[in-house]
Amino acid sequence: MPTKNALLIASACLLGLLSTTGASLPYPILAPLFGNDTGSALTSFLGLPPKLLLGIALMVNPLGLLIGSAVLGAVSDRFGRRRILLTTAIGGAVGHALTAAALVTESFPLFLLARFATGLLEGNGAIMRAMLAERLTGGLRNHALSWLNGAFHLGWLFGPLLAGLTVGFSITLPFSIAAGALLLGAALVAMALEREAAGPTLGQRWWSVARERHAFTLLRQPPLRTLFSVHFAYACGVAAFYEFFPLWLVDVGGYDVRQIAFVNMGMCALMTFAALFAGRASTADPRRRASLQAGLAALAILAVGFGNLGVGLAAIVLFGLPHAYYNATVQGWAADQFASHGQGAVMGLLSTTFCLANIVMALAGGLLALVDTRIVLVVGGAMAVAAALAMRSWSARAVGIRADTTRELR
């Protein structure tokens with residue numbers, strides 16, 4: 001591999017790791033902070049219940065991520081990957097610094113603003129995927145996209161681990177470390193990426209481009225609408241699994257925070273390892289491969305919903321294997337198939353779809369969990385099954401169309 005490509009991939013993976021580490025950092029911190037009701041100005045804002053404030057605090061970051069994923073990729077199509085990546089990395093570091101300041105001053109409004117802004121800028125994952133899809137070709141591109149996914153998975157392992165190791169010294173220390181790490185990542189991006197010519201803007205401002213070319217504008221195209229609907233169904237199944245398997249562990253096994261963290265580490269470790277190999281080339285239609293991979297992921301989710309503690313634990317960890325392969329397959333195929341629409345916008349659509357699914361399943365799953373947590377997992381597994389079947393049907397239709405075209409040419 002040429003040194004230039006190696007540096008490009010390493011820069012993207014490092015920045016992806018640091019971004020998701022920062023996104024996952026607060027989760028083990030916020031629950032004890034608001035759950036113990038210390039009576040601070042932060043946890044008693046306007047006299048509202050601390051658990052309600054916790055729910056709001058947890059919601060604003062994914063909301064920012066949803067918006068950022070929808071617009072940042074398209075903006076980078078016009079104004080350049082390097083420029084927007086540097087802006088978001090430095091802005092993310094400022095967001096972590098503001099989060100630390102909000103904790104020190106016990107300002108809940110500042111905390112919400114900082115977490116929303118940080119989530120908005122963490123939507124730069126679409127830019128990183130677009131950058132790799134644009135500058136690499138063939139098998140190397142598929143491998144690089146898979147390795148980037150592995151870096152994202154690893155961030156969800158490192159973030160809670162960093163928080164657990166450092167929060168005992170100071171509640172602001174994890175955020176200070178995350179801010180410093182993002183600045184270092186920005187410096188590496190500045191060195192690794194060459195300045196590029198921005199796309200034709202015709203005098204447009206970035207907010208005009210974001211409004212007119214956000215990821216959802218791609219849904220005007222029938223094939224991309226199909227991709228959205230199938231990927232959304234699968235993402236809803238994954239979101240139901242991610243968000244509610246910890247509650248299942250509490251309900252079924254009486255697990256505490258530390259035990260849940262160990263299970264999550266096992267799943268993330270397998271997912272990261274699988275991502276190293278998931279980009280290998282194949283002669284089979286990518287949609288047919290994605291169908292099989294989605295089906296295996298659905299089987300793992302359903303095994304948790306219907307199984308006992310032992311079966312569920314094995315399924316949670318093993319879920320990481322087909323999920324890593326599905327991501328690599330769909331992203332690589334989308335990069336090849338829809339490049340003419342702008343890699344930033346296409347990768348933004350995939351990221352936005354997953355963010356939207358997380359919000360939908362958080363709301364729907366919260367209601368279903370009032371009855372039984374297992375219902376959430378079974379519904380999620382059923383949606384992943386539906387996605388697998390839809391992807392297989394899409395592949396079959398495409399093969400049939402190609403066969404008819406070949407016969408007509410003969």
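The following conversation goes through a predicted model of a protein chain.

Reader: What should I know about the model before starting?
Author: This is a predicted model, in which local features need pLDDT of at least 70, side-chain atom pairs count only at pLDDT 80 or more, and totals for chains, interfaces and linings use all residues. Residues are numbered from 1 along each chain as its sequence is written, and side-chain values use heavy atoms, with hydrogens and water left out.

Reader: How many helices and strands are in the protein chain?
Author: The protein chain has 16 helices and zero strands. Helices (H or I, at least four residues) and strands (E, at least two) are DSSP runs, numbered from the N terminus.

Reader: And what percentage of the 410 residues is buried?
Author: Buried residues account for 51% of the 410. Buried means under 20% relative accessible area, exposed over 50%, and partly exposed in between (1.4 Å probe, protein chains only).

Reader: Which residues of helix 5 are buried?
Author: They are Phe108, Phe111, Leu112, Ala114, Arg115, Thr118 and Gly119. Seen down the axis of helix 5, these residues fall within an arc of 165 degrees, so they line one face of the helix. The arc is that of the directions from the helix axis to the C-beta atoms.

Reader: Why would residues three or four places apart point the same way?
Author: An α-helix has 3.6 residues a turn, so residues at that spacing point the same way.

Reader: What caps the N-terminal end of helix 5?
Author: Ser107 does, with a side-chain oxygen 3.3 Å from the backbone nitrogen of Leu110. A polar contact is a pair of N or O atoms within 3.5 Å; within protein, one must be able to donate a hydrogen and the other to accept it, and residues adjacent in sequence count only if both atoms are side-chain atoms.

Reader: Where does Glu106 lie?
Author: Glu106 is in the loop between helix 4 (81–105) and helix 5. Its phi is near 55 degrees, a positive value in a residue other than glycine. Most residues other than glycine have a negative phi. Glu106 is partly exposed, with a relative accessible area of 35%.

Reader: Changing topic, how many of the eleven residues of helix 6 are buried?
Author: Nine of the eleven are buried in helix 6 (residues 125–135), so this helix is largely enclosed by the rest of the structure. Among the buried ones are Ile127, Met128 and Arg129.

Reader: Which residues is Leu154 in contact with?
Author: Leaving aside neighbours within four places in sequence, Leu154 is in contact with Leu17 and Thr272. Contact means heavy atoms within 4.5 Å. Leu154 belongs to helix 7 (residues 138–166) and is partly exposed, with a relative accessible area of 24%.

Reader: What about Asn327: is it buried or exposed?
Author: Asn327 is buried, with a relative accessible area of 12%. Asn327 sits in helix 14 (residues 320–337) and touches Asn149 and His153, not counting residues up to four places away in sequence.

Reader: Where is Arg289?
Author: Arg289 is in helix 12 (residues 286–306). The C-alpha atoms of Arg289 and Arg392 are separated by 8.5 Å, although the two residues are 103 residues apart along the chain.

Reader: Finally, how many disulfides are there?
Author: The count is zero disulfides, where a disulfide is a pair of cysteine sulfur atoms within 2.5 Å. Cys13 is buried at a relative accessible area of 16%, and Cys236 is buried at 1%.
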